[in-house]
Amino acid sequence: MYTQAQMGGRRFGTVNWRGLYTLCAREIRRFLAVWTQTVMAPLVTAGLFLLIFSIAIGPRRGDVMGVDFTSFIAPGILMMTVIQNAFANTSSSIVIGKVQGNIVDTLMPPLSPAELVIGYMAGSVARGLLVALTIGLGLLLFLGIVPQHPVWALTFVLLGAAFLGGLGMVAGIYANKFDQMAAITNFIVTPLAFLSGTFYSVQALPPGLREFTYFNPVFYLIDGVRYGVIGVSDSNPWLGLAVALGATLAVAAVAWRMFATGYRLKA
């Protein structure tokens, strides 16, 4: 008589810690191997955004919500860069695996759907946090911006990276080709990031567009980081925390379901 373990049952307890650690380490090493593209490039892009907007608009714009324009947009640019990189980390990892045919190397090991979600998301959170710390250091050195509420800022950075990491998993599983992934990035992720109060206060928007912005979860992420960095925000940070947490759990649940059913992953 063969036991369940001998017949191929799960032999690692409730959580396959070694497998989960291996997947997390792979996702982190994956972006660290090309650090000039995944860490330095976002820093340069964020710096260019700040420089261009400060030169083109800053001198004439005046204060926004009681702070100068450059200080106002700096947290938004930081968070926008974090979420774009977090999304790219999981989506590119899964799409490349599908296109190259080696996604099976991730699906065959004894990892549960929840462990796959956590493992992929860990890479996004690590990349987003590293990008945030790098840009934050630049804001401190060149603009003298010191976070007013660092715990709030860190919380929203982590939630933002986790939310977009989960969304990247959903998009990566759905997309079968690079052009499909590019379409999702261009028509969903980029508008969510740019139409979220990154470069303006939502109080300046007309009523209809302002109400629409309140349904955008990325708005609460950027607004929360802005509160953590410079101490001003368009919404209650506790409301933003609830929305961000709910959105993160929702996309994680969708990604879990996709892994559990093998949607667009298994023949």
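Is Glu27 buried or exposed, and what is its relative accessible area? In the predicted model considered here, Glu27 is buried, with a relative accessible area of 0%. This residue takes part in a salt bridge with Arg26, in which the closest N and O atoms lie 2.9 Å apart. Arg26, by contrast, is partly exposed, its relative accessible area being 34%. The structure holds 1 salt bridge, and the bridge therefore joins a buried Glu27 to a partly exposed Arg26.

The packing of two helices was examined next. Two packed helices are described by the angle between their axes and by the distance between those axes. Helix H4 spans residues 69-100 and helix H8 spans residues 178-194. The two pack at an angle of about 165°, and their axes are 11 Å apart. Because angles over 145 degrees count as roughly antiparallel, H4 and H8 are assigned to that class. The crossing of H4 and H8 is right-handed.

A further feature concerns the surface. Leu137, Leu140, Leu141, Phe142, Leu143 and Val146 make a nonpolar surface patch of about 630 Å². Among these residues, Phe142 is located in helix H6, which comprises residues 113-143.

Definitions and conventions: Residues are numbered from 1 along each chain as its sequence is written. This is a predicted model: local features need pLDDT of at least 70, side-chain atom pairs count only at pLDDT 80 or more; totals for chains, interfaces and linings use all residues. Side-chain values use heavy atoms; hydrogens and water are left out. Patches are made of residues with over 30% relative accessible area and no salt bridge: like charges are joined within 9 Å, nonpolar side chains (Val, Leu, Ile, Met, Phe, Trp, Tyr) within 5 Å. Accessible areas come from the Shrake-Rupley method with a 1.4 Å probe; for residues, only the protein chains shown count as cover. A salt bridge is a side-chain nitrogen of Lys or Arg within 4 Å of a carboxyl oxygen of Asp or Glu. Helices (H or I, at least four residues) and strands (E, at least two) are DSSP runs, numbered from the N terminus. Axes are lines fitted to C-alpha atoms, for helices over the stretch in contact, and angles run from 0 to 180 degrees between N-to-C directions. Angles under 35 degrees count as roughly parallel, over 145 as roughly antiparallel, 65 to 115 as roughly perpendicular and the rest as oblique. A crossing is left-handed if the near helix is turned anticlockwise from the far one by less than a right angle, and right-handed if clockwise. Buried means under 20% relative accessible area, exposed over 50%, partly exposed in between (1.4 Å probe, protein chains only).
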